[in-house]
Amino acid sequence: MLKEDRGESKTAVLADIPFNRACSNGNELAYMTDAIERGHIAGDGPYTKRVERLLETELGVDRVLLTTSCTHALEMSALLIGIQPGDEVIVPSFTFVSTVNAFVLRGARPVFVDIRPDTLNMDERLVSDLITDRTRAIFAVHYAGVACEMDEINALAGAKNIPVIEDNAQGLFARYKGRPLGSLGSLAALSFHETKNFTCGEGGALLINDPAYIEGAEIIREKGTNRSRFIRGQVDKYTWVDVGSSYVLSDMLAAFLCAQLEAHERITAHRRDLSERYFEGLASWSDANGATLPYVPEHCEQPYHMFYALMPSEEQRDALIQRLRGYGIQSVFHYLPLHLSGKGEEYGYRRGDLPVTEDVSARLVRLPFHNALDEYQQRYVIDAIVSGK
Ligand SMILES: *Cc1c(COP(=O)(O)O)cnc(C)c1O
């Protein structure tokens with residue numbers, strides 16, 4: 001939103017363009033009101049079922065379970081595949097901390113793999129050298145919702161019977177060789193955090209592609225009980241059957257989410273427009289300044305989750321963030337490599353171990369990109385970028 005500068009200068013306009021902003025898309029309040037009127041707002045109510053069926057149909061996965069977050073869906077994955085202390089898990093360092101905490105919580109050790117310089121995804125060519133007798137899983141993170149090279153990763157993992165788990169927090173409705181992300185690993189996790197394309201504030205989902213995991217997942221998610229079978233009338237009482245926790249999303253939030261997901265084509269179309277406008281508006285600026293815009297391979301359909309630029313140097317990246325701040329525009333870096341964090345160093349990692357990750361992380365800037373961003377605001381952002389050096 002542009003607003004008048006109330007300070008000294010009468011002519012200057014200061015913008016207030018946040019990096020992210022959540023908004024309603026139409027039916028959110030109506031569905032939440034309906035949930036209250038039906039008298040059911042705990043988990044696994046009518047809206048939870050509606051969202052789970054919608055996702056199962058659209059993605060072609062065996063079972064979808066809504067969860068309290070993507071973090072929790074990832075934690076459930078680690079429990080389901082039986083991760084134990086001393087196990088190793090192959091994972092990029094260029095990811096959100098939840099991908100790694102999910103199995104570190106179970107006592108496993110992250111084995112960090114460097115990323116490809118083009119898609120910024122796990123470099124599948126480096127994976128086989130990292131597989132040992134202790135490797136128990138590969139967590140594939142689809143950065144910006146652009147797919148990892150899943151055929152290669154699944155082939156390597158399949159040969160050794162290692163499950164692949166997709167962290168698809170950013171890539172709902174994106175595709176790899178025509179197949180939906182989230183349908184490619186044994187398990188996959190989605191996020192409905194407010195920074196994602198579709199949201200209910202905080203929420204997530206576990207996608208199950210291997211039916212052998214369905215019953216265990218229902219038990220873990222329902223506090224270690226067989227309550228899901230009880231609700232379906234398959235047993236006459238429910239009881240403690242295994243370890244578990246409380247990973248069920250409130251139906252109130254599922255109602256909000258349902259409205260967002262039913263509008264997914266409209267939301268995605270808006271985000272596609274934003275993405276195309278950035279690509280067009282920044283093409284000559286990026287050429288002239290040695291910046292790189294996102295790369296999407298031919299065989300990948302992207303979900304328009306984010307827009308970033310890779311600047312030629314860390315200094316130029318920091319200068320751009322600073323300069324945009326002067327225009328009232330919030331842009332952000334992404335990610336601080338996990339292997340260089342305080343916790344990462346406990347596993348013996350040092351600067352220089354993952355050169356592409358370290359290089360990219362120092363040069364990447366993410367631009368404002370959200371469902372409430374309109375063309376007028378976006379032109380202002382583009383003008384601010386191209387007007388400088
Ligand atoms: C957002 C995100 C998460 C965490 O999602 P929550 O729903 O907030 O737990 C995990 N992994 C990646 C790659 C993400 O982008």
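Visitor: Which residues have the most contacts inside the largest nonpolar core, and how many residues does that core have?

Guide: A nonpolar core is a set of buried nonpolar residues joined through their side-chain atoms. In this predicted model, the largest such core has 55 residues, and Phe103 and Ile138 are those with the most contacts inside it. Helix H3, which covers residues 70–80, gives the most to this core, namely six residues, and at least three residues come from each of domain 1 (10–23 + 264–387) and domain 2 (28–262).

Visitor: What is Phe103 in contact with, leaving aside its neighbours within four places in sequence?

Guide: Contact here means heavy atoms within 4.5 Å. With those neighbours left aside, Phe103 touches Ala78, Ile83, Val89, Val91, Ala108, Arg109, Pro110 and Phe139.

Visitor: At what angle do helix H2 and helix H8 pack?

Guide: Helix H2 (residues 46–59) and helix H8 (residues 251–262) pack at about 35°, their axes being 7 Å apart, and the crossing of H2 and H8 is left-handed. Among the residues that make this contact are Tyr47 and Leu54 of H2, together with Ala255 and Leu261 of H8; by class, the contact has ten nonpolar, one polar and three charged residues.

Visitor: How far apart do the C-alpha centres of domain 1 and domain 2 lie?

Guide: Those centres lie 26 Å apart, and the contact between the domains takes 35 residues from domain 1 and 44 residues from domain 2.

How values were computed:
Residues are numbered from 1 along each chain as its sequence is written. This is a predicted model: local features need pLDDT of at least 70, side-chain atom pairs count only at pLDDT 80 or more; totals for chains, interfaces and linings use all residues. Side-chain values use heavy atoms; hydrogens and water are left out. Axes are lines fitted to C-alpha atoms, for helices over the stretch in contact, and angles run from 0 to 180 degrees between N-to-C directions. Helices (H or I, at least four residues) and strands (E, at least two) are DSSP runs, numbered from the N terminus. A crossing is left-handed if the near helix is turned anticlockwise from the far one by less than a right angle, and right-handed if clockwise. Ala, Val, Leu, Ile, Met, Phe, Trp, Tyr, Cys and Pro count as nonpolar, Asp, Glu, Lys and Arg as charged, and the others, Gly among them, as polar. A nonpolar core is a set of buried Ala, Val, Leu, Ile, Met, Phe, Trp, Tyr and Cys residues joined through side-chain atoms within 4.5 Å. Buried means under 20% relative accessible area, exposed over 50%, partly exposed in between (1.4 Å probe, protein chains only). Domain bounds come from an automatic or database domain assignment.
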